[in-house]
Amino acid sequence: MKEPKEVDGIFQADNPMPEWWKLVWLLTIIGSIAYAIYFHTASSWGQDEAFKIEVAEHEKKFGSQKKIGLTAEGANPFRDDEVAIADGQKNFGICGACHNADGKGLVGPSLMDDDWIHGSTDKEVYAVIMKGVSGEKLKLGKGAMPAHEKSLGSEKVLKIMAWLAKNNPSLKKGI
Ligand code: HEC
């Protein structure tokens with residue numbers, strides 16, 4: 001150990017730091033470099049990727065939360081989609097009780113003719129099926145058209161409409 005140095009009457013000692021302390025310091029430097037290289041290149045912990053993985057896990061558990069609805073132009077996104085149309089035909093079963101299995105009408109009106117008492121566009125028909133028709137809005141006086149927003153949800157309703165559109169060209173695309 002060197003003699004303490006004196007500057008203006010103040011003594012400055014020269015005590016080296018303990019070896020173990022210097023070793024810890026060195027290890028943190030090496031560790032930080034390794035950390036930076038690994039997490040910026042090799043790992044799957046990047047924000048974007050970690051987010052995607054979490055979303056995928058969440059969807060696996062709770063199903064996709066993607067909202068399916070009309071397009072910005074008010075059109076049915078499932079038009080002409082054969083898989084969706086086949087699905088829609090199956091789901092039309094619960095409508096068949098009132099509209100007949102072929103959609104040609106029973107207590108509810110025919111959905112296969114050119115007559116649309118509540119509007120003939122995707123947007124209007126979507127609103128009728130999702131919200132239902134009741135009270136003063138009823139036009140036929142044969143009972144209410146039930147809402148299907150909760151029982152079926154937008155995706156199934158739009159698929160049913162794709163099937164209707166395929167079989168009834170008078171159901172117009174858009175607003
Ligand atoms: C309980 C019977 C009943 C069920 C079930 C039912 N509807 Fe209706 N629906 C009606 C009645 C009654 C009307 C006519 C309402 C009125 O008088 O305005 C109607 C009207 C409609 C209209 C409007 C038709 C037009 O000319 O504007 C559409 C579209 C429709 N239903 C589709 C469906 C679909 C799709 C389903 C199945 C998801 C369904 N309905 C289930 C009874 C029913």
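Predicted model: local features only at pLDDT ≥ 70, side-chain atom pairs only at ≥ 80, totals over all residues.
Biologist: Let's start with the overall layout: how far apart are the centres of domain 1 and domain 2?
Modeller: The chain is divided into domain 1, residues 5–62, and domain 2, residues 82–167. Taken over C-alpha atoms, the separation of the two centres is 62 Å.

Biologist: Does helix α1 lie largely in the open or is it buried, and how many of its residues are buried?
Modeller: Helix α1 covers residues 19–42. To count as buried, a residue needs 20 or more other C-beta atoms within 10 Å of its own. α1 has 24 residues and lies largely in the open, because the number of them that are buried is zero.

Biologist: What distance separates the end C-alpha atoms of α1?
Modeller: At 1.5 Å a residue, a helix of 24 residues should span 34 Å.

Biologist: Now to the largest nonpolar core: which element gives the largest share of it?
Modeller: This core has 18 residues, and among those touching the most other members are Val157, Trp163 and Leu164. The elements giving two or more residues to the core are α3 (82–91), α5 and α6 (154–167). With eight residues, the largest share comes from α6.

Biologist: Which residues does Trp163 touch, leaving aside those up to four places away in sequence?
Modeller: Trp163 is one of the core residues that touch the most other members. Beyond its sequence neighbours, Trp163 is in contact with Ile85, Gly88, Gln89 and Phe92.

Biologist: And the ligand: which element supplies the largest share of the shell around it?
Modeller: There are 27 residues around the ligand, and those that come nearest are Cys95, Cys98, Gly108, Leu140 and Met145. By type, the shell divides into 19 nonpolar, five polar and three charged residues. Both α4 (93–99) and α5 (122–131) supply at least two residues. The largest share, five residues, comes from α4.

Biologist: Is Asp80 buried or exposed?
Modeller: Asp80 sits in the loop between α2 (47–62) and α3. Its phi is near 65°, a positive value in a residue other than glycine. Since 11 other C-beta atoms lie within 10 Å, Asp80 is exposed.

Methods. Residues numbered from 1 in each chain as written. Near = placed C-beta within 6 Å. Helix = DSSP H or I, 4+ residues; strand = E, 2+ residues; numbered from the N terminus. Nonpolar A, V, L, I, M, F, W, Y, C, P; charged D, E, K, R; others polar. Domains from an automatic or database assignment. Core = buried A, V, L, I, M, F, W, Y, C linked by C-beta atoms within 7 Å. Buried ≥ 20, exposed ≤ 12 C-beta atoms within 10 Å, placed from the backbone. Contact = placed C-beta atoms within 7 Å. Expected span 1.5 Å × (residues − 1).
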